[in-house]
Amino acid sequence: MAQVDRSFIGEGIIYARKYGSQDPFLDIGNCDTFNVAYATEKKQLPNYRGGGGNRNVKEQVTGVTAAIGMYDLTPENIARVTNSAIASVPTTAIVDEQLVAGGVIGELIPFNHLPDTVQTVTVKTVVDAPAEGVELVAGTDYVLTPHGIITKSAAVTTAGVSVSYTPLKASALHMLAGAPAELELYIAGLNDAQSGEPFSLRPRRAKFGLTSELPVFSQEYVKLASTVELLADDLVQGAGISKFCQMDVVNKAA
């Protein structure tokens, strides 16, 4: 039988859902890496009967992991590699948010949430009740930025300011305040060395590990790199069926 070219260059889309659920599989974005690795422990029985070598050997798998690289920094992907709790930022208008100030011209006073600068933003001085603060003038007393205001005059004192604005729709990621979630993955793969021939990989139970770094400033496209633990799924039963991962490849005739 003639040898058939089965060279392989893998690419595709990784989908994820909560482990044990019937949730929809959702695309996690552009990924350049998903490499499965096995850690093993080997026990060897030396051959004492002459001639050297081993009389027997046993190799046991001690861990199954995957290296993943994600280029879409969605709230969900960032949370997966930083153990973040995700909170939705309210988009209703905020009235009289009290902010502290140093009373120094040129200081940044960040709002508690990212403001929608297209909507009306009002900044007032803070005075003792029941008196009402004086509204400050944009461009004269402060400059509005996507994060808050930068002061331009001595009208902003150490008493602080009161701001009213509408937050942008956003997610607040509270890093290390969450717990790693267990996911079921489905990799819809294509073999680019075989004209886009399909293949699939199904890690049955996966837990993302913490990334070693989160490049906040970068001159290149940022990649979220993480190690994923592929855990045994006891819901999978049957002889010869993997509790860890299943890969389907197309049979190609000569």
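Student: Which side chain meets that of Glu-197 in a salt bridge?

Tutor: A salt bridge here is a side-chain nitrogen of Lys or Arg within 4 Å of a carboxyl oxygen of Asp or Glu. In this case the side chain of Glu-197 meets that of Arg-6, at 2.8 Å from N to O. The pair links distant parts of the chain, with Glu-197 in strand 14 and Arg-6 in the segment before strand 1, 191 residues apart; strands are DSSP runs of E of at least two residues, helices runs of H or I of at least four, both numbered from the N terminus. Please keep in mind that this is a predicted model, in which local features need pLDDT of at least 70 and side-chain atom pairs count only at pLDDT 80 or more, while totals for chains, interfaces and linings use all residues. Residues are numbered from 1 along each chain as its sequence is written, and side-chain values use heavy atoms, with hydrogens and water left out.

Student: Is Glu-197 buried or exposed?

Tutor: Buried means under 20% relative accessible area, exposed means over 50%, and partly exposed lies in between, with a 1.4 Å probe and protein chains only. Glu-197 has a relative accessible area of 14% and is therefore buried, whereas Arg-6, at 36%, counts as partly exposed.

Student: Which residues are linked in a network of salt bridges?

Tutor: Arg-17, Glu-184 and Arg-202 are linked in this way. Glu-184 meets Arg-17 at 3.0 Å, N to O; because Glu-184 lies in strand 13 and Arg-17 in strand 1, this pair ties together parts that are 167 residues apart in sequence. Arg-202 also forms a salt bridge with Glu-184, their closest N and O atoms being 3.5 Å apart. Both Glu-184 and Arg-17 are buried, while Arg-202 is partly exposed, with a relative accessible area of 29%.

Student: How many residues line the largest pocket?

Tutor: On a 1 Å grid over the protein atoms alone, a pocket is an open set of points with protein on both sides within 12 Å along at least five of seven lines, and lining residues have an atom within 4 Å of a point. The largest pocket is lined by 14 residues, with Gly-10, Glu-11, Phe-34, Ile-187 and Phe-199 nearest its centre. Strand 1 gives the most to this lining, with five residues.

Conventions:
1 Å grid on protein atoms, 1.4 Å probe; cavity = no way out; pocket = protein on both sides within 12 Å on 5 of 7 lines; lining within 4 Å.
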